[in-house]
Amino acid sequence: GTPITGKDLLYSLEVLKAAPEKAVYKNCLSNILSYELVDEYNVKVSFVQSFGGQNYMFCFPIIPEHFYKNAKVVTDVLGDGFYKLADFSDKKVLKLSVSENAFGKKPYIENIEAIVSSDVETDLNSFEQGLTDVVSASISDWSKYLNSKEVTATEQPTTYFDFIGFNFKNEALKDLKLRPAIAMSIDKTKILNDVYLNHGSIVNAPIDASSWLYESQTKNYGFDLEAAKNLIAGVDVSKLRLKILVNSENDERVRIANILKENLTSMGLNVVVDDTSFTQYQEQLTAGAFDLVVGGFNLSTMPELTFAFGKNTEGTAQNYFSYADPEMDELLALSFNASNETAYKKANSDLQKFFAEELPCIGLVFRKTVILSDKKVFGEIEPTLGNPYSGFENWFIVDSENEPSTTN
């Protein structure tokens, strides 16, 4: 019932500043130099440096000063969300109930029990036993429920980017004929359908189609083995032996590696697959003991790709691929230092176009996970990137026993 003011934002910033390093939102202050109250509803924030992703850094809750400032032990939580904290006394089950102060419409489901578990396997077991109604699952877990009439599966985009990487210490792979030829030897559509069971989105650069920064007008090396052969017709590949590194525990990656080997072999290249344990995979990747690698990055929702394709302060490559290019460095810097939203979007558009043309690695897909829900859960189940429960206020429960509406 009280207005949110500039003092509340200032107080929130102070609380974050004093919070321990492991606090969830602590990193949101990493680029903030200072802040001051301008008037009742405005706070002036000064930054350490220009940073294109700064808007993402403001995604932290506002803490009402009048409610928390003098509290020694907070037994209640004040906010304008759909639900309020009902109980979390045993630290095993978080109980929520509809809030009278909710901003917007009142949700249909009145009570929620969020069960705290130790791992994903426990989550899935609880779901299978009917102890929970909703759970997040991977592609492999998804396949168990493909023909089930008791379970509804809804896709959710993720930040898991799968790729085929090059080791640029191999002089042959610096050739702008060989890399495109390898790209044309990959049938991404077939891989999406057969390997990922169509649970992903094909990309040419490491920004997913669900992102507002996604650039659709990028160069696409379509699957064409004959064109690939013609492209390397003038390249001496007789002495070239390529090793594809892949970790054996990941079935999807192993299948991709073998598909790639088969197609490259048909083009006359000498290729072997080195499928090894994840520990050895990491060691070889770090040591640069590979030519091609089937891998993946779990990227941030805020694209910052310097770690993967940029150089360090000494001007040398700092990434697994030993890749370095001055134009890439410039584009990465423009994205990082963009001073406004328009400049940030353009910088990321240019970065994606250059990436697809230059091929520092071959983008395959952004994986999708799934939200599995019991058949009694209805409504608009529309998970978004980073939020599996987006639109929860529109969900409702149809219970044959007419019990109070509660979901787990």
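This is a predicted model: local features need pLDDT of at least 70, side-chain atom pairs count only at pLDDT 80 or more; totals for chains, interfaces and linings use all residues.
Which strands and helices are included in what covers the buried residues of α9? Residues are numbered from 1 along each chain as its sequence is written, and side-chain values use heavy atoms, leaving out hydrogens and water.

**View A. The buried face of helix α9 (residues 278–287).** Tyr281, Gln284 and Leu285 are the buried residues of this helix (buried means under 20% relative accessible area with a 1.4 Å probe, protein chains only; exposed means over 50%). Down the axis of α9 they fall within an arc of 100°, so they line one face; the arc is that of the directions from the helix axis to the C-beta atoms. Their cover includes β9 (241–247), α8 (251–266), β10 (270–276) and β11 (292–298). Helices (H or I, at least four residues) and strands (E, at least two) are DSSP runs, numbered from the N terminus.

**View B. The other side of α9, and what follows.** Turned away from the buried side are the exposed residues Glu283, Thr286 and Ala287. Just after the helix, glycine 288 has a positive phi of about 75°.

**View C. Asparagine 31, in the loop between α1 (6–18) and β1 (32–39).** With 6% relative accessibility, asparagine 31 counts as buried. Beyond its neighbours within four places in sequence, its contacts (heavy atoms within 4.5 Å) are Ser46, Phe47, Val48, Gln49, Phe51 and Gln54. A polar atom of the asparagine 31 side chain lies 3.0 Å from the backbone oxygen of glutamine 49.

Technical notes. A polar contact is a pair of N or O atoms within 3.5 Å; within protein, one must be able to donate a hydrogen and the other to accept it, and residues adjacent in sequence count only if both atoms are side-chain atoms.
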